[in-house]
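Subject: Structure handover

Hello,

Here is the structure for your files. Please open it alongside these notes.

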Amino acid sequence: MKIIGITGGVGAGKSTVLEYLRERHGAYTVQADLVGHELMEPKGSCFAPILDLLGREVLDAQGRIDRKKVAGIVFPRPKILAKLNEIIHPAVKKEILRRAAEEEQRGRRLFVIEAALLIEDHYDEICADMWYIYAKEAVRRQRLKEERGYPDEKITDIFRNQQTDQIFRQKCGYIVENNGDLQAAYQQIDRRIREYGIL
């Protein structure tokens with residue numbers, strides 16, 4: 001089984017690429033963010049450690065962790081944020097590896113991980129290939145305005161806190177250009193999958 005990591009700036013179209021890999025190439029796709037959310041649920045492995053760190057005031061009326069409350073506490077306090085990340089990030093990676101082993105047992109040929117922090121969290125240790133989904137800043141900005149209703153200031157803040165184009169290109173082995181011509185993006189994906197010779 002081939003494990004691919006996918007990353008790129010917000011608005012680059014990573015979800016579109018994942019959907020295509022799933023539908024066209026039968027890939028099992030996993031989004032690190034969503035795994036993190038699952039692990040924060042009451043039965044998840046991160047639930048109790050997060051309560052130990054932040055206290056019960058982060059719970060909502062249903063007894064579940066309110067991520068907005070968590071963000072309000074940790075983002076102004078870098079040391080607490082670092083401790084939270086030490087709880088969540090290794091647990092997410094462990095769960096992704098568990099799913100990968102399960103899918104390999106089932107005979108799956110392609111397993112795809114999408115993570116905003118693919119580079120920072122060293123997913124290169126488990127990925128055979130890392131893809132950078134690239135779109136021009138103007139294209140990404142337009143998508144975020146249209147699809148998410150974000151104002152310019154918010155988009156600028158998000159862009160400022162993400163990896164540079166240079167780092168993405170340096171750390172990833174393949175670049176998919178996704179500036180609006182979906183067929184062109186799909187052809188780039190198909191070409192890379194053919195190179196693997198696994199399907």
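**Helix packing**

Ala32, Val35, Gly36, Glu38 and Leu39 of H2 are in contact with Ile88, Ala91, Val92, Glu95, Ile96 and Arg99 of H5. Contact means heavy atoms within 4.5 Å. Helices (H or I, at least four residues) and strands (E, at least two) are DSSP runs, numbered from the N terminus. By class, this contact has 7 nonpolar, 1 polar and 3 charged residues. Ala, Val, Leu, Ile, Met, Phe, Trp, Tyr, Cys and Pro count as nonpolar; Asp, Glu, Lys and Arg as charged; the others, Gly among them, as polar.

The axes of H2 and H5 lie 9 Å apart, at an angle of about 105°. Axes are lines fitted to C-alpha atoms, for helices over the stretch in contact, and angles run from 0 to 180 degrees between N-to-C directions. H2 and H5 are therefore roughly perpendicular (65 to 115 degrees).

**Basis**

This is a predicted model: local features need pLDDT of at least 70, side-chain atom pairs count only at pLDDT 80 or more, and totals for chains, interfaces and linings use all residues. Residues are numbered from 1 along each chain as its sequence is written, and side-chain values use heavy atoms, with hydrogens and water left out.

The largest pocket has a volume of about 2,000 Å³. Its lining has 50 residues; Asp33, His37, Phe75, Ala116 and Gln162 are the closest to its centre. On a 1 Å grid over the protein atoms alone, a pocket is an open set of points where a 1.4 Å probe fits, with protein on both sides within 12 Å along at least five of seven lines; lining residues have an atom within 4 Å of a point. Points are joined across faces, edges and corners, and the volume is the space filled by probe spheres set on them.

H5 gives the largest share of this lining, 6 residues. The lining of the largest pocket splits into 21 nonpolar, 16 polar and 13 charged residues.

The second largest pocket has a volume of about 200 Å³. Of its 15 lining residues, Tyr132, Glu137, Arg140, Gln163 and Asp165 are the closest to its centre. Strand E4 (129-134) gives the most to this lining, with 3 residues.

**Aromatic pairs**

The whole structure holds 5 aromatic pairs (ring centres of Phe, Tyr or Trp, its six-membered ring, within 6.5 Å). Tyr20 and Tyr186 have ring centres 3.9 Å apart and planes at 5°, so they are stacked (under 30 degrees). Tyr20 sits in H1 and Tyr186 in H9, 166 residues apart.

Best wishes

Key: Angles under 35 degrees count as roughly parallel, over 145 as roughly antiparallel, 65 to 115 as roughly perpendicular and the rest as oblique. Rings of Phe, Tyr and Trp (its six-membered ring) pair if their centres lie within 6.5 Å; planes under 30 degrees apart count as stacked, over 60 as edge-to-face and the rest as tilted.
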